[in-house]
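Please look over the structure below together with these notes.

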Amino acid sequence: MPGLVPSVEVVRTDITALAVDAIVNAANSSLLGGGGVDGAIHRAAGPELLAACRRVGRCHTGQAVLTPGFRLKARFVIHAVGPVWNGGGSGERELLRRTYLSALGVARTEPEIRSIAFPAISTGAYGFPREEAARIALEVLRDHAREFDRIVAAVFTEADLALYRDTLAALP
Ligand code: APR
């Protein structure tokens, strides 16, 4: 019955505007910022975020690290490094799955994180095919939804909103 089974909320929004406990950043291994959602998060959080990332150092592809959210509404940022799409023969699908799992794993280490929002990791500059990325993301998030009060899949475009809704509805 709808409403009883914890699921993923699909929302079209700028992820930096969300009032959740943690937002996930689609970062790169240097953690030194970039364009896309990474740039938006750094702009909204303020320069303290870059300083915190510098203190963390690097983060390997498929892994994730935690910092405060500084000027964001979200108290925390989970910086997760998705794979660059390189044709699909370099383990990209498994790495993307692992990226989402790592971000969830980091969220579990902080008891104050009860609500968490994810962008469509790797689907911008990193070129991961959007349909496949949506399936991987939503499958992992749906399977872990009961561990949190709220999991939001934050999409940026109308096309991704439709894709995510259809993909979520079609998951086995
Ligand atoms: N809120 C939510 N989603 C956003 C936002 C935003 N403010 N801005 C962009 N997006 C969406 C894009 O539409 C895309 O679907 O985030 C998704 C991921 O795109 P990128 O930000 O380009 O991330 P990714 O493909 O993982 O590439 C990572 O980009 O700038 C860098 O430093 C980052 O090098 C890293 C690379």
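1. In this predicted model, a side-chain N or O atom of D38 sits 2.6 Å from an oxygen atom of the ligand. N28 also reaches a ligand oxygen atom, with a polar side-chain atom at 2.7 Å. Y126 uses a backbone N or O atom, 3.0 Å from an oxygen atom of the ligand. The protein buries 89% of the 700 Å² that the ligand exposes when taken alone (Shrake-Rupley method, 1.4 Å probe).

2. There are 22 residues around the ligand (a heavy atom within 4 Å). N28, G35, D38, S122 and T123 come nearest.

3. Helix α1 (residues 36-45) packs against helix α2 (residues 47-56) at about 115°, their axes 5 Å apart (helices are DSSP runs of H or I, at least four residues; axes are lines fitted to C-alpha atoms over the stretch in contact, and angles run from 0 to 180 degrees between N-to-C directions). That makes α1 roughly perpendicular to α2 (65 to 115 degrees).

4. From α1, I41, H42 and A45 meet E48, L49, L50 and C53 of α2 (heavy atoms within 4.5 Å).

5. Residues are numbered from 1 along each chain as its sequence is written, and side-chain values use heavy atoms, without hydrogens and water. Local features need pLDDT of at least 70 and side-chain atom pairs pLDDT 80 or more, while totals for chains, interfaces and linings use all residues.

Definitions and conventions. Helix = DSSP H or I, 4+ residues; strand = E, 2+ residues; numbered from the N terminus. Parallel < 35°, antiparallel > 145°, perpendicular 65-115°, else oblique. Polar contact = N/O pair within 3.5 Å; in protein donor to acceptor, adjacent residues only side chain to side chain.
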